[in-house]
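Could you walk me through how this protein is put together? I would like to start with the overall picture and then look at a few places in detail.

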Amino acid sequence: MSEEKLMSKKKPAYPVKKRLDIYLNRYNRKIEIPIFYDDLLRFSGSVAVYDNNDEDTLWVRVFYSDFEREEIDLSLKKVYSILHSDGSNRILEYLNIDAIDYCTFGNSKPFRIKVRNILNDNYTHFYVKKTDASRIYGLELEHMLSPYNLNFLVYKDTLIEEHIAGIPGDVFIKEMLPNCTESEKAQLAKEFVKFNERCMIRLLGDMRSYNYVIVPVHDFDHVVYRIRAIDFDQQCYEGKFKVYLPQFFKENFKMVELVSSKLQKYSVDQYKIEERSIVAKRIISSEKRINQLINAAKTDKISLAENIERLKGEIHEFTLDVDFKRCKTMGDVLDTALEFVKRNYEDVSMKQLIEKKF
């Protein structure tokens, strides 16, 4: 299926409503920051940013007047301190804002801030974006239901996200995958199956290869690869169920090929069950916090009415669970999907307990 038919043309940004705002405040995601997204739009010039192969990255490096740059740099250092430290000014003198880049590609149009420690030249990035409720739901679900914690801040119409380190999926597939050993390819196939399942369960869409990263982890005498989502713009928005399965994007064709060539059907099914069980355990262990987030989503508008109708119908066809037919909002659909996974896990666990006992 082509990308044009699979994805909607443009997703709107949704405001943060009262219940989500209360949730963010309760879990220390809502913190006052000294600069807003719109402040960074006051740049006076820009130049294109090219990669090591002299190809356009679709980012531009922006410049400000001397007066504004001084104020912006100080504010961005303070944001870094709030995001990564205790929020005090003690570390500011050791920080330098090396670059501010702006991306005009995609929905969020983020600013990427490069911060360097002048004592040792170590650097990291963080992102400044416009607040979008569906993206915030995506970030929180990633924090609770994936193997990875996420650090982000929300203040009024501005969202601050930490950088997720890794090799962009499209770069890895093109430049590094051909040189992987057969064992590494099999391990990548396994990870893609689990990633595919995880995205489907929590309804994270649009995981094309440039929206996730491959993270190599050195473990004794070999490298283990992990796959991490880096873009949460399409959380619970699209009506087509296939959007929530990375396997259906043409950009992931090479990864799908790996699964077909390296894994038997039994192994694929086994890895799917493993991932569902792990997600179910995370749902149970974070049940109170997840319920508070889902209750906010149930009363929120984060999609279109026609998308909700289509998605709940397609998931009903996939699961045969009639509870999906009763859903009225995307929050309801998400809640029903997570409950379906949790219920099936608990039913299997109870069955195993009974069989063991008798």
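Predicted model: local features only at pLDDT ≥ 70, side-chain atom pairs only at ≥ 80, totals over all residues.

Residues are numbered from 1 along each chain as its sequence is written, and side-chain values use heavy atoms, with hydrogens and water left out.

Q: What is the radius of gyration of the protein, and what would a compact globule have?
A: Let's begin with the rule: the radius is taken over C-alpha atoms, and the globule value is 2.2 Å times the number of residues to the power 0.38. For 358 residues a compact globule would come out near 21 Å, and the protein agrees with that, at 21 Å.

Q: Which share of the residues of the protein counts as buried?
A: Buried means under 20% relative accessible area, exposed over 50% and partly exposed in between, with a 1.4 Å probe and protein chains only. Of the 358 residues, the buried share is 49%.

Q: Are helix 2 and helix 10 roughly parallel or roughly antiparallel?
A: Helices are DSSP runs of H or I with at least four residues, strands are E runs of at least two, and both are numbered from the N terminus. Axes are lines fitted to C-alpha atoms, for helices over the stretch in contact, with angles from 0 to 180 degrees between N-to-C directions. The axes of helix 2 and helix 10 (residues 287–298) come within 8 Å and cross at roughly 155°. Under 35 degrees counts as roughly parallel, over 145 as roughly antiparallel, 65 to 115 as roughly perpendicular and the rest as oblique, so this pair is roughly antiparallel.

Q: Which residues of helix 5 does helix 2 meet?
A: The axes of helix 2 (residues 18–26) and helix 5 (residues 133–145) come within 12 Å and cross at roughly 40°, so the two are oblique. Contact means heavy atoms within 4.5 Å. From helix 2, Leu20, Tyr23 and Leu24 meet Ala133, Ile136, Tyr137, Glu140 and Met144.

Q: What is the relative accessible area of Ile113?
A: Ile113 lies in strand 4 (residues 111–117). Beyond its neighbours within four places in sequence, Ile113 is in contact with residues including Leu40, Leu76, Ile97 and Phe126. Ile113 is buried, and its relative accessible area is 0%.
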